[in-house]
Structures are given as structure tokens and as C-alpha cells.
Number of protein chains: 2
Amino acid sequence: MTKLKTMLALSAALLATTAQANASAESVAWTITADLTTEVGARLAGTDREAAARDWAVARLKALGLANVRVEPFTIPGWVRGAEAARMTAPYPHQLAITALGNSAPTPAGGLTAPLVYFPTLDALRAAPDGSLKGKVAFIDHAMQATQDGSSYGPYGQVRRAGPALAASKGAAGVVIRSIGTDRHRNPHTGGTGWTAGVTAVPAGAVSNPDADLIARIARTGKPMQVNLVLEGKPVGALPSGNVIAELPGRDPALPPILVACHLDSWDLGTGAFDDAAGCGIITDAALRAQAGGKPLRTIRVLWAGAEEVGIFGGQAYGEAHAKEPHALAMESDFGADRVWRVQFNFAPASAPLADRIAAALAPLGIHRGTEKATGGADVTAIIAKQKLAVVDLDQDGTRYFDLHHTPDDTLDKIDPAQLEQNVQAWTTVLKIVANEAGPLGGN
Amino acid sequence: MTKLKTMLALSAALLATTAQANASAESVAWTITADLTTEVGARLAGTDREAAARDWAVARLKALGLANVRVEPFTIPGWVRGAEAARMTAPYPHQLAITALGNSAPTPAGGLTAPLVYFPTLDALRAAPDGSLKGKVAFIDHAMQATQDGSSYGPYGQVRRAGPALAASKGAAGVVIRSIGTDRHRNPHTGGTGWTAGVTAVPAGAVSNPDADLIARIARTGKPMQVNLVLEGKPVGALPSGNVIAELPGRDPALPPILVACHLDSWDLGTGAFDDAAGCGIITDAALRAQAGGKPLRTIRVLWAGAEEVGIFGGQAYGEAHAKEPHALAMESDFGADRVWRVQFNFAPASAPLADRIAAALAPLGIHRGTEKATGGADVTAIIAKQKLAVVDLDQDGTRYFDLHHTPDDTLDKIDPAQLEQNVQAWTTVLKIVANEAGPLGGN
């Protein structure tokens with residue numbers, strides 16, 4: 001009898017799980033993520049694939065019943081990928097898995113062959129004498145580890161953001177970094193780098209973690225290393241981009257809208273499922289579900305920003321174009337599709353009871369309230385700064401985010417429908433509260 | 001007091017673990033695996049990299065004190081990799097992660113552009129009418145799952161081994177398969193295919209699992225698919241290969257030797273750590289450890305076979321060259337470096353007590369006795385068949401083997417030193433027993 005009961009309970013649980021999985025797999029969040037990655041795929045900012053993504057987005061947002069669907073165009077400094085390969089030629093021949101960093105300069109015809117100099121950290125590179133890297137390629141290692149809150153991306157990301165310019169300033173002819181990533185696969189992580197004033201851009205790429213391990217092992221032998229780099233990605237002048245914007249009008253058009261954002265562009269190695277098709281799916285599904293049971297008081301405006309990866313150009317363009325138009329509150333989803341574990345606020349003291357209400361409503365979803373100040377995402381940073389906007393951060397579990405971030409592995413199969421659904425439920429919960437709040441919602 | 005005891009016990013355990021990890025990291029098995037993958041790396045059969053691996057192997061085996069170290073050369077039908085890329089051109093443009101299968105024919109200049117026809121299984125392809133694939137590329141999907149004993153490789157591996165010839169026999173201009181692998185990464189699995197008599201070889205490649213998922217999703221829409229394939233790998237005529245052989249002479253040179261094997265060559269995408277540098281490390285370390293406490297009665301002969309991946313040419317050459325020389329028993333390690341979980345035998349009835357002794361000696365290492373008949377590995381198959389040799393199989397955990405097998409991800413970081421060490425201990429245990437057994441050791 002006990003056994004039968006257990007079996008029945010298990011069957012019921014299985015049916016419930018199946019039902020939920022089916023529901024999630026058919027959700028707006030899922031279908032946006034699946035269809036954008038399947039029907040458009042990789043969509044590097046400025047390219048015709050990003051343009052295809054805008055067309056796709058306009059059609060999908062209209063089909064979903066959103067109003068005022070439009071593109072707000074802008075231009076960006078373009079960079080396109082070219083052929084890329086790397087080979088260690090001494091002391092041992094090895095093919096290395098490499099990808100160019102955004103804004104990398106191209107290698108000359110036949111590639112760049114040069115000694116490879118090992119630096120265990122960015123600090124070690126900082127200590128290298130000026131001019132000491134002339135004619136050489138610098139290799140910058142590091143030891144990034146996975147974290148739930150993604151906080152390791154700040155310090156270790158500097159290796160990618162600032163390392164190439166630093167090496168170039170010391171005369172380096174090229175730069176190779178260990179990928180800013182936490183996986184163990186031969187899939188290097190791309191991402192943008194930048195060049196400081198007075199520094200001439202050089203070819204810059206990232207190798208995968210196993211390749212970086214190999215370089216580090218060989219460096220420890222003390223034998224001189226040499227590499228041949230082919231990195232043909234290059235700047236190409238101004239290219240078109242644009243933000244896709246749509247609305248779910250509220251009952252009181254006089255009240256400033258709630259702004260929810262994601263970014264539409266992706267790096268070009270994967271299909272941009274985690275970064276950030278899922279974010280667009282989450283915010284849009286939640287905005288629609290917030291209409292259930294009666295249209296909210298405030299308009300919810302959906303921003304699918306363009307050209308985030310290559311310099312947050314869409315967010316800046318939005319901030320400038322809408323600087324004088326009052327907003328009530330801003331939020332962004334751009335950290336994958338794993339479950340929300342924490343909520344944080346930046347509310348003015350007068351809105352403390354509202355934050356308490358939101359936190360209480362999120363607790364049943366397994367979301368606890370943090371003590372840091374909400375900052376919003378990249379694409380809403382400009383408008384938040386201009387208007388001192390109220391912000392709610394729904395922090396996602398980032399433990400595996402940097403396994404996938406900016407790699408060929410950022411594909412649909414990495415999305416867990418159950419965790420995606422928890423995100424949508426969390427966003428819906430927040431939107432139902434804030435979009436029905438009549439009073440001012442000031443940031444702090 | 002209880003707390004203090006717990007802490008002391010934990011400290012002791014920690015020290016023991018650290019000591020063991022250090023010991024493992026310095027073991028002969030570890031250093032062979034680390035150094036072969038670092039100093040030689042990828043070593044495709046027939047290439048100068050396989051030749052470099054033979055030179056490396058001879059030097060290392062001599063340095064380790066093995067006797068009669070020599071190369072037994074032979075030639076193989078060569079196949080070399082070339083440029084490779086795949087693009088879906090309709091209904092949606094996507095770059096696909098592809099690699100050519102060994103023995104693939106090359107695509108014409110500019111690549112092969114053709115309709116892509118989806119087959120969910122090899123059986124579905126079998127059902128396609130003759131001639132129905134003329135001018136088309138067949139895509140063969142499947143649903144391989146990970147197993148502890150690797151048994152899924154038999155049936156699903158047929159997609160790679162027999163699928164291309166089958167499609168070509170029905171007129172296909174090219175073949176793409178879902179990688180024979182169980183991972184979720186954009187790293188396709190290579191491996192050999194073959195062409196049946198009367199079938200003209202065509203270009204054949206494998207895409208990664210996420211790419212195969214994408215193709216399957218698009219196929220379900222019913223929209224016609226088209227691909228462009230560039231697979232420039234091609235046959236190149238006879239190339240040199242060879243077996244590296246070394247011995248640890250026993251006390252009685254008149255007794256037939258114990259043969260322990262691995263393979264030295266690797267596929268060219270990774271550095272061949274799991275497949276099969278670790279195997280060479282395991283058997284050689286165990287053969288050396290079996291000398292501790294007194295030289296065994298029988299000679300242990302170590303065979304690092306050449307050209308296994310491309311057709312088991314080294315094993316065949318060994319079987320032919322040594323057909324008339326009596327052997328006592330054969331074993332092989334060629335299934336990664338994860339722990340041994342099972343032992344199996346093929347012993348003649350008279351040797352049943354010996355099998356019992358071996359199984360009892362392995363039990364403390366967490367190894368249980370299976371009920372199937374031991375078959376040995378690929379490189380000892382020929383000599384076992386010729387001489388009806390006794391065989392002991394030490395079956396390794398293969399749960400993640402087909403995540404890495406034949407991919408760029410087969411690199412040193414995948415080796416777990418603790419599991420590698422358990423392998424060496426298991427092999428040492430077996431060798432100490434069988435190499436000291438004076439009586440005949442017949443297979444069944």
C-alpha cells in the first residue's frame with residue numbers, strides 16, 4: 001500500500017513536471033528564444049544579420065499584439081570578423097583554438113610570426129618595461145573562476161578590455177589572452193577590446209582555456225615560444241544599427257512608462273541564445289503576462305537594443321533620443337536564462353514600502369532580497385543616469401554564464417525551460433506591481 | 001572533544017588526499033600523458049606528427065629503463081585533413097561547426113552546394129529509394145546517449161561507419177551526420193568512415209550536436225534546406241607508420257610474454273589525451289610498478305600501436321609480424337582515463353582459479369567482476385584471434401568518454417589524476433599476478 005501510494009505520488013509529480021515543461025516549451029519566452037536563434041541565428045551588430053534580426057523582431061512583436069512597434073536607427077563604428085587561426089611554431093608545433101577580439105586590427109598577409117611572451121596576470125604585464133615587447137606577441141593568462149553573481153567578470157574582464165592596449169603601449173606586435181571564460185572546451189570567448197589614445201591597434205585574440213593551459217605548461221619549461229597568428233577581423237567604418245521598441249499601453253497614458261530592456265544583437269560565434277535572445281523572451285513574455293487580469297495603469301515599453309556587444313551603442317542612442325521623455329522605472333534582462341536568485345533595488349526612501357511589497361511577492365519563487373544597490377543593465381544605464389530612474393535588478397544565477405558567454409556554445413540547447421519560466425514569473429510579478437503603482441517611483 | 005577529533009580526522013584525510021594527488025601528478029602515467037600531449041600533441045596516423053610521436057616514445061621508454069625498445073614500421077593508406085566549413089544557405093543562413101570524417105572524399109573547388117535531406121535515423125536512410133538522393137546531401141540524425149560501458153557506440157557508431165557509404169549508394173553527392181558523441185558543445189567528432197565495394201566515395205562530415213539540433217528544428221518546419229560544404233580532406237596514397245615496442249624482461253625468458261597495449265596515434269583535432277595518451281601512460285606505469293618487490297617470472301611487453309584510429313593498422317601489423325611467437329595473455333587500455341569499474345575474463349576453464357584470484361585482488365579498488373567474455377582492445381584483437389590468447393578486460397567508466405572522443409576537447413585538462421591513478425593500481429594488480437603465473441594461460 002505504501003509502495004502504491006509512493007508510485008501514485010511519483011506519477012502525479014511526473015505528470016505535473018511534464019505539464020509544466022510543455023507549458024514552458026510553448027511560452028512566449030521560449031518561442032522568442034527558439035525562433036530568433038533558429039530563424040536568424042548569429043547577429044553581429046552592424047551586419048545584415050542584425051538587420052535581419054530587426055525585421056524579425058518587428059514582425060514578431062506585432063504578431064504578439066504589441067503597439068507602436070518601430071525601429072529607431074543609429075550608426076556604429078563597424079568591425080567584422082575574418083579568417084582566424086593560430087599555430088605555435090616553437091618549441092612544439094600546436095594548432096591553437098583562437099578567435100579575434102572585437103576591434104582587433106588585422107594581421108598582415110601570411111599572418112604574424114613572432115616570439116610569444118608569457119605573462120601570468122595583467123599586473124605582470126603592467127610591470128614589463130616600456131618597449132620590451134617590441135616585435136613580440138604578449139600572452140596574458142589569468143585565473144577567472146565561476147561565481148553565482150558574475151562578479152569575477154569585472155576584474156578578469158580587464159584582461160580582455162585593457163590588456164591588448166597595455167601590451168601595444170609597450171611595443172607588442174600582437175596580443176593573445178586566455179579566454180575570459182570558465183569552461184574547459186576548445187571554444188574561445190570573443191568580446192570587445194579597446195585602444196587607448198596614442199596606442200596603435202594591433203591584432204588581438206583569445207585562445208580557449210585548454211589552449212591557454214598548454215601555453216602555460218610550455219612557458220614553465222622556459223623554452224622560447226613562437227606563434228603564427230592569422231586574425232583578419234578588422235574595422236570597416238560606419239555601419240547601420242537600430243533599437244527595436246514596442247509598447248503595451250497602460251490605462252493612464254499620462255503616467256511615465258516602465259522600461260524593460262534586453263539586447264537584440266549577439267556575438268557571431270554562437271546563435272546568441274543565452275546572450276541575449278532569452279532576455280528578450282523573458283521581458284516580452286512578462287510584459288504580456290502582466291496584462292492578464294486587466295491592463296496595468298502604466299505603459300510597459302519594451303526595448304530590444306541594438307549593438308550592445310560592440311559598445312552599448314543602442315543603450316546610448318536610446319538615452320539620447322528619450323532623454324527628455326519621463327520614465328518611471330527601468331529593468332534589464334541580460335545575464336542568460338538561469339533562475340533569478342536575488343532582487344535588489346535603488347529606490348528613493350519614499351518607495352521603501354514598494355520595495356518591501358515586491359520582495360515579499362518574489363519570495364515564493366525562491367528569490368531573496370539583497371542589500372546592494374540595483375544598477376540596471378548595460379542598455380538602460382544611460383537613461384537611468386540621465387533621469388535618476390528607479391531600478392529593480394532581478395539577478396540571475398551566473399554560475400555557468402561564463403562557460404557560454406561569447407562562445408560558439410551559446411546555443412538554444414543551453415536554455416533550461418524550467419529556469420526560463422521562473423524568470424518570466426519573477427518579471428511578471430514585478431511588472432504587475434510597478435506598472436500599477438500610481439505614485440512617483442524615484443531612484444536613489 | 002568530538003569536534004576536535006573530527007577536525008583532526010579531516011586534516012589527516014586532507015593530507016592523505018593531497019599526498020595522493022601529488023603522487024599521482026608525478027606518476028609515470030601522468031607524465032607520459034602530460035608530456036606526449038604537450039611535446040607532441042595531435043598525431044594523426046601517417047603524418048610527421050605521428051613520426052615525431054614515435055621518436056618521442058622511443059626516447060621516453062628508454063629513459064624509463066625499458067629494454068628492447070624499437071619501432072616496427074609499416075605503411076598505411078594515408079588520409080589528410082584539409083580546410084573544412086559548412087554553411088546552411090536556405091531557409092536560414094547559419095554557419096555550422098563541421099569536421100570531415102576520415103576517408104572522406106574532397107569537395108570540388110568552391111565547395112558543394114546542394115539540397116540537404118533529413119533522415120532521423122540510419123534506418124530511415126535505408127528506406128530511401130535508390131537514386132532518390134542524386135545531387136543531394138543526406139543528413140543523418142540519431143539519438144546516442146551516454147552509457148557507463150560505452151555500449152551505445154556500437155549501434156550509433158554505424159551512422160558514421162556505414163551511413164556515408166549507404167547514402168552514396170543511393171546517389172548522394174555528400175553526407176553530413178550528427179556527431180557520434182554525447183556532449184553539448186560546438187565541437188564536432190571526427191572518426192573514420194568506409195566505402196563499400198562499387199560505391200564512389202563522397203565528401204562526408206559530422207556536425208556538432210547543437211548544430212544537428214538546429215538542422216533537426218529547421219527540418220521540422222518542412223522548409224527546403226540547402227547547404228554549402230567545404231571538406232578538403234582527402235586520401236593521399238601510402239604513408240609511413242609504425243608500432244613502438246618495449247619490454248621489461250622476466251626471470252624466465254622461455255615463458256611467453258604478457259602483452260599490454262595502447263595506441264600512440266590520435267585524431268588531429270585535440271591532443272589525444274583521453275584517446276589514448278592516458279592508455280599508454282597507464283599500461284607503462286603499471287608494467288614498471290609490477291617490477292617492484294622483485295622481477296616477475298614473465299616478460300611484460302609494451303605495445304604502443306601506430307595508426308589505430310584510421311583502421312587498426314598497427315594491431316594488424318603486430319598480429320602478422322608476431323603470429324608465430326607465443327604470447328601468454330593480452331590486455332589493452334584505450335577507453336580514456338576514468339576509473340576501472342569492472343573486470344572480465346575469457347579464460348579457459350583450467351584458469352578459473354586464476355580469474356578468481358585476480359577478481360578478489362581487484363575488489364578493494366572498487367572493481368566488480370562482470371559476466372561477459374573479455375575481448376581485449378582494438379590493437380590486440382589480431383594477435384588474440386591468431387593465438388586464442390587469454391584476455392583480461394579492465395573496463396573503464398565511459399560515461400563521459402563520448403563527450404570527448406575524437407573532438408578538439410580531448411586535451412590534458414580532462415584527465416582526473418585520481419582516476420588515472422586508480423587505473424594504474426588496477427593494472428599493476430593484474431600484471432603482478434599474471435606475470436608471475438608459470439602455467440599456461442589459455443583463452444576460451
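**Notebook: a two-chain predicted model**

**Entry 1: Thr121(A)**

I started at Thr121(A), which sits in the loop between strand 5 (112-119) and helix 4 (122-126) of chain A. The model is predicted, and I read it as such. I then looked up its contacts, skipping neighbours within four places in sequence, and found Ile140(A) and Asp141(A). I also checked Tyr156(A). Thr121(A) and Tyr156(A) are 35 residues apart in sequence, and their C-alpha atoms lie 9.3 Å apart.

**Entry 2: the two chains**

Next I asked how chain A relates to chain B. A rotation of 180 degrees, with 0.0 Å of shift along its axis, puts chain A on chain B with an RMSD of 0.0 Å. I noted this as the relation of a two-fold axis. The same surface serves both copies, since 100% of the contact residues of chain A recur in chain B.

How many residues does each chain bring to the contact? I found 27 from chain A and 27 from chain B. The area buried between the chains is about 2,000 Å², and carbon and sulfur atoms give 51% of it.

**Entry 3: His185(A)**

I moved on to His185(A), in the loop between strand 7 (174-178) and strand 8 (204-207) of chain A. Its relative accessible area is 16%; the cut-off for buried is under 20%, so His185(A) is buried. Its side chain makes a polar contact across to chain B, with the side chain of Asp409(B) at 2.7 Å. Leaving out neighbours within four places in sequence, I listed contacts in both chains. In chain A they are Ser208(A), Asn209(A), Pro210(A) and Asp409(A). In chain B they are His185(B), Asn187(B) and Asp409(B).

**Entry 4: the cores**

Last, I looked for nonpolar cores. The largest has 88 residues, and Trp304(A), Leu329(A), Ile358(A) and Leu431(A) have the most contacts inside it. Helix 8 (residues 273-289) of chain A gives the largest share, 10 residues. At least three residues come from each of domain 1 (26-79 + 237-434) and domain 2 (83-232) of chain A.

Not counting residues up to four places away in sequence, Leu329(A) touches several others, including Pro257(A), Phe347(A), Val391(A) and Leu441(A). I also found a second, separate core of 87 residues; Ile32(B), Val175(B), Val260(B) and Leu441(B) are among them.

Notes
Residues numbered from 1 in each chain as written. Chains lettered and ligands numbered in written order. Predicted model: local features only at pLDDT ≥ 70, side-chain atom pairs only at ≥ 80, totals over all residues. Heavy atoms only, no water. Helix = DSSP H or I, 4+ residues; strand = E, 2+ residues; numbered from the N terminus. Buried < 20%, exposed > 50% of the residue type's maximum accessible area, 1.4 Å probe, protein only. Polar contact = N/O pair within 3.5 Å; in protein donor to acceptor, adjacent residues only side chain to side chain. Contact = heavy atoms within 4.5 Å. Least-squares fit on C-alpha atoms with pLDDT ≥ 70 in both. Core = buried A, V, L, I, M, F, W, Y, C linked by side-chain atoms within 4.5 Å. Domains from an automatic or database assignment. Buried area = accessible area lost by both parts, 1.4 Å probe.
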